[in-house]
Amino acid sequence: MESILIQAIVSGILLGLIYGLIGMGMNIIYGVMRVVNFAHGEFMMLAAYICYWLNRQYATNPLHSLIIIVPLFFGLGFLVYYLFVPRLLNSEDPEMASFLVFFGISLVLSSLILIIWGADPRGIPFPFKRVSVSIGEFFFPLGRLIAGGFCGIVILLLILLLFKTYLGKAIRAIIQNREAVSILGIDTHLLSAFSFGIGLLLVGLAGGLVILSFPAITPMMGSSYTLVAFVVVILGGLGTPLGALLGGFIFGLAENIGAVFMPTSLSPVIAFVLLITMILIRPQGILGEG
Amino acid sequence: MSILSAKNIVVSYYGDISVLRDVSMEAKEGEITIIIGPNGAGKSTLLKTLYGLLRPKKGSIIYEGKDITGLKVHEFMKLGLAYVPQSRTVFPDLTVMENLELGSWILRHDKKKVNEALDYVFSFFPILDEKKNDKAKTLSGGQQKMLEVGRALLTKPKVLLLDEPTATLAPMLAKEIYSFLVRLRDEKTTIVLVDQNVRQAFEIANYIYVLELGENSTQGSKKEFEGKLKEVIKDWLNYDESH
């Protein structure tokens, strides 16, 4: 029992890193623009399908596909921003308007994937020679170890960007006061588009890594990852990028430890229980300020 | 010589109700121009319009002889203007240093210039140097105002627009801010100041504009206003009581 629990904890931390990456993307977008990206999971799913397609066409390892995913999704972020967000920011209730627009985008994306790749679950042959790594008496899935390690590096780079560069400091500043940023000579639209690009880049990376961690992808998986993103950002604190990382760990651990004691089909229940508990106890999230 | 002026501007927030009607003003280089008037006169609106945060429906904003009406807000600092609004604009969860670094955004590619600018601001407000690693939210109200003003000064603007810099400050701190503004003027910075603290603002002013109900009321040099100020304030009080 003890070894199962330890494996669940390690697995939970690795999954937490992926969840953290997804949540950090959503939190940057929300924090900077007050835009609720309800299509966050669908963008991740799109990245996973692109990795799948590249693998089918050119036998590309998903980690190599990320070289295409990163600029593609960063650019997609700019495109989506300039197409929709400035109009949303001018509306009377940007949060609600964005919720509707991105819900629409989520439907378009999942339908598009359904049309192109069909409803059957898709997967790729595992790209590495070994499926798991054993350390002493413990066995850890290699895909998840690689995905978790990769996420860890990306998160570290993101933290460096946010805390050590002018651009990152401007992103943290615009989350706190949008108008004050503009009077300092910073182009808020360009900064927001950049932030949207970062948000989609992170979720695109997560999409590429998910295909390594889980056996199959389906056109309906997007909404469950949007739920993951919501839970993670609400746990950690809406609009606080580092909070999402913390939320990711909590959710990853809860899901994996929960799976030791409960059937895996109950994992969505864990998500909702965490969500509701946090809203009741501390609605602003762990790192959020009331 | 006029460096910044508004010519016959009309500004509305919503629909057809104009907050400013045919307002004109000009700030002369190296002088302190103050804009005073009762509540709701449109003083802050005028300042926001001068800095591009609001777009006039009619009229124009002229800076150094060029029409800058309709320019985007983030372009104003590059031109040599800076603005400190009345509302709190420090980034509370960023350190004092990070706040200042963002004030030097347009200089960010030149590390030497940024350091010079920081030294320049620390020479005015040594307390910011002492507290540079503290989060801005831990500063007192007066120190936060110093941070806002200091942040606006990093680019050594030719024109500084200030909206009620001493509101909510203790009298001692307010006095410090006014003497700082005089020092800044001595260094040839043009200042446009909106203030409710009429008497103290008047003390340091070169030229005075009075706005009432969104229109130009009276204007004149400090000399022309000597002795008239009491009467002007009395008029506002009568106005406030009768409305």
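Trainee: Which domains is chain B divided into?
Mentor: Chain B of this predicted model has domain 1, covering 2–80 + 158–242, and domain 2, covering 88–156.

Trainee: What distance separates their centres?
Mentor: Taken over C-alpha atoms, the centres of domain 1 of chain B and domain 2 of chain B are separated by 24 Å.

Trainee: How many residues are in contact between the two domains?
Mentor: On the side of domain 1 of chain B there are 15 residues, in contact with 16 residues of domain 2 of chain B.

Trainee: And what area is buried there?
Mentor: The size of an interface is often given as the accessible area lost when the parts come together. Between domain 1 of chain B and domain 2 of chain B, about 1300 Å² is buried, and carbon and sulfur atoms give 74% of that area.

Trainee: Which residues of domain 1 lose the most area to domain 2?
Mentor: They are Met77(B), Phe180(B) and Arg183(B), which together make up 37% of what the domain 1 side of chain B buries.

Trainee: How many salt bridges are there between these domains?
Mentor: The count between domain 1 of chain B and domain 2 of chain B is 0 salt bridges. For polar contact, the count between these domains is 1 residue pair, with both residues at pLDDT 80 or more.

Trainee: Which elements give two or more residues to the domain 1 side?
Mentor: For the side of domain 1 of chain B that touches domain 2, these are helix 2 (76–79), strand 7 (159–163) and helix 7 (171–186) of chain B. Helix 7 of chain B gives the most, with 6 residues.

Trainee: How do the residues on that side divide into nonpolar, polar and charged?
Mentor: The domain 1 side of chain B that touches domain 2 has 9 nonpolar, 1 polar and 5 charged residues.

Trainee: Changing topic, what is the phi of Ala59(A)?
Mentor: Phi of Ala59(A) is near 55°, which is a positive value in a residue other than glycine. Most residues other than glycine have a negative phi.

Trainee: Where does Ala59(A) lie?
Mentor: Ala59(A) is in the loop of chain A between helix 2 (40–58) and helix 3 (62–89).

Trainee: Why does Ala59(A) count as exposed?
Mentor: Ala59(A) counts as exposed because its relative accessibility is 62%, and the cut-off for exposed is over 50%.

Trainee: What about the phi of Glu64(B)?
Mentor: Glu64(B) is not a glycine, yet its phi is positive, at about 50°. Glu64(B) is placed in the loop between strand 4 (58–63) and strand 5 (66–67) of chain B. Because its relative accessibility is 38%, Glu64(B) counts as partly exposed.

How values were computed: Residues are numbered from 1 along each chain as its sequence is written. Chains are lettered from A and ligands numbered from 1 in the order in which they are written. This is a predicted model: local features need pLDDT of at least 70, side-chain atom pairs count only at pLDDT 80 or more; totals for chains, interfaces and linings use all residues. Side-chain values use heavy atoms; hydrogens and water are left out. Helices (H or I, at least four residues) and strands (E, at least two) are DSSP runs, numbered from the N terminus. Buried means under 20% relative accessible area, exposed over 50%, partly exposed in between (1.4 Å probe, protein chains only). Domain bounds come from an automatic or database domain assignment. Contact means heavy atoms within 4.5 Å. Buried area is the accessible area (1.4 Å probe) that two parts lose on being put together, summed over both. A salt bridge is a side-chain nitrogen of Lys or Arg within 4 Å of a carboxyl oxygen of Asp or Glu. A polar contact is a pair of N or O atoms within 3.5 Å; within protein, one must be able to donate a hydrogen and the other to accept it, and residues adjacent in sequence count only if both atoms are side-chain atoms. Ala, Val, Leu, Ile, Met, Phe, Trp, Tyr, Cys and Pro count as nonpolar, Asp, Glu, Lys and Arg as charged, and the others, Gly among them, as polar.
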